Amino acid sequence: MPYTKNVRTAEFLRPYADALYAELIRRIEGGEDRYLTSIRRKRYSPNQWKQAMLYEGEEYIVTHAKILAETGDRERALEILEPLKPVLEGKISEFNELYVDLLAQNGYTHLVVPFIEECVHSDAVTPEMVDILRVDFTDRNPGRSFKDYLGSLRSPDYVARMEEKLKSQLIRKSGVPFRLERMAGGTVSTEQLIGKVVVLDFWATWCGPCMAAMPGMKMARDRYAEEERVAFYFVNTLERGNEFKEYVPLVMERRGFDFDVLYDGVSESGQHGTTFGDFGKRFSMSDIPQKVIIDRQGDVRWVSSGYFGSPLELANEIGFIVDYLLEE
């Protein structure tokens with residue numbers, strides 16, 4: 001936490017990271033708890049134990065690799081990631097992005113594009129990884145469609161399962177009328193949006209998953225930049241303190257996002273960070289981040305809570321629902 005929140009430097013934390021990693025490896029190799037789980041007794045073979053412990057220790061190992069790389073030990077950073085690679089099977093985008101970066105830093109540039117292509121198989125890539133693919137593809141294939149190429153890399157089975165899951169999540173509920181203040185000035189109201197598919201992202205500046213999801217939401221929004229029948233709004237809610245309108249624009253600027261931000265109204269209690277604003281409460285919301293997609297008639301058709309770590313997967317999920325509702 002001191003590292004990810006930028007409270008302590010990598011140099012300061014390196015001895016602690018080394019010690020934590022050494023203890024994790026000792027437990028993996030020792031296997032003294034190999035026959036126990038937190039829920040029930042369960043037997044593991046030595047290899048099963050190693051795989052399970054690597055999977056559970058993924059966050060520690062990735063953070064340790066970042067600290068190693070930042071303190072100049074890039075070769076060691078790549079080395080400790082290697083055992084994780086087959087365990088995660090290319091499905092964790094944070095790991096994949098770091099692995100790609102360390103491949104390049106260690107001179108294995110010829111392995112970068114093939115690895116990213118494998119990761120697209122299950123949508124586990126970041127915008128930065130997509131940009132690497134785009135530059136490489138455009139250089140090698142001038143005039144060809146990068147979008148078609150990127151789509152061809154996705155697993156047909158994975159795409160089919162994802163689309164069936166998303167179709168099963170479709171609902172139809174009466175929309176919630178609203179008029180919300182825009183960060184950029186003025187207001188946005190329900191009446192202005194009839195005839196459009198509207199994507200709402202409920203978020204707060206203090207919410208880690210909310211901020212982590214924003215690169216994926218930017219990818220989704222950018223796909224429809226020229227589509228007048230689609231609108232994206234980022235509804236800021238649950239902020240702590242009444243001066244949130246002063247610091248929300250600063251957070252957006254610092255993060256490099258140019259989203260159309262709406263402010264959820266002050267809740268009845270007048271306290272931010274404890275209860276949702278009026279709009280969120282009328283949606284019966286219970287958590288953030290939460291995505292809500294409204295169809296062209298103003299009905300709520302899809303609701304999703306949480307963020308599961310892959311920007312491209314999120315963008316593709318949003319894109320599938322939006323396209324479905326445009327064609328409906």
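Predicted model: local features only at pLDDT ≥ 70, side-chain atom pairs only at ≥ 80, totals over all residues.
Student: How many helices and strands does the protein have?
Tutor: There are 15 helices and 7 strands. Both are DSSP runs numbered from the N terminus, helices being H or I with at least four residues and strands being E with at least two.

Student: What is the radius of gyration?
Tutor: The protein has 22 Å, which agrees with the value near 20 Å that a compact globule of 328 residues would have. The radius is taken over C-alpha atoms, and the globule rule is 2.2 Å times the number of residues to the power 0.38. Along the principal axes, the C-alpha trace spans about 60 × 55 × 40 Å.

Student: Now the sheet: what is the strand order?
Tutor: The order is 2-1-5-4-3-6-7 in an open sheet of 7 strands with mixed pairing. Strand 2 (187-189) and strand 7 each have a single partner strand, so one side of each is left without a neighbour in the sheet. On average, neighbouring strands are turned by 30 degrees against each other, direction ignored. Two strands count as paired if DSSP finds at least two bridges between them. Axes here are lines fitted to C-alpha atoms, for helices over the stretch in contact, and angles run from 0 to 180 degrees between N-to-C directions.

Student: Which helix packs on this sheet?
Tutor: Helix 15 does, touching strand 3 (197-203), strand 4, strand 6 (290-294) and strand 7. Its direction makes about 15 degrees with that of strand 6. Contact means heavy atoms within 4.5 Å.

Student: Do strands 4 and 5 run parallel or antiparallel?
Tutor: Strand 4 (residues 230-236) and strand 5 (residues 261-263) are parallel, with 3 bridges. Phe 234 stands opposite Val 261 of strand 5. Strand 5 also pairs with strand 1, in the antiparallel sense over 2 bridges, and there Arg 182 faces Leu 262.

Student: Changing topic, how much space lies in the largest cavity?
Tutor: About 110 Å³. The structure holds 1 cavity of 30 Å³ or more. On a 1 Å grid over the protein atoms alone, a cavity is a set of points where a 1.4 Å probe fits but cannot get out, and a pocket is an open set with protein on both sides within 12 Å along at least five of seven lines; lining residues have an atom within 4 Å of a point. Grid points are joined across faces, edges and corners, and a volume is the space filled by probe spheres set on the points.

Student: Which element gives the most to that lining?
Tutor: Helix 15, with 3 residues. Strand 7 (300-305) also supplies at least two. The lining includes Lys 291, Trp 302 and Glu 317. By class it has 4 nonpolar, 4 polar and 3 charged residues; Ala, Val, Leu, Ile, Met, Phe, Trp, Tyr, Cys and Pro count as nonpolar, Asp, Glu, Lys and Arg as charged, and the others, Gly among them, as polar.

Student: What about the second largest pocket, and which residues are closest to its centre?
Tutor: Its volume is about 750 Å³. Of its 25 lining residues, the closest to the centre are Lys 147, Leu 150, Arg 223, Leu 312 and Asn 316. The lining divides into 11 nonpolar, 3 polar and 11 charged residues.

Student: Which peptide bond is cis?
Tutor: The one from Ile 288 to Pro 289, with omega near 0 degrees. Pro 289 is in the loop between helix 14 (278-282) and strand 6.

How values were computed:
Residues numbered from 1 in each chain as written. Heavy atoms only, no water.
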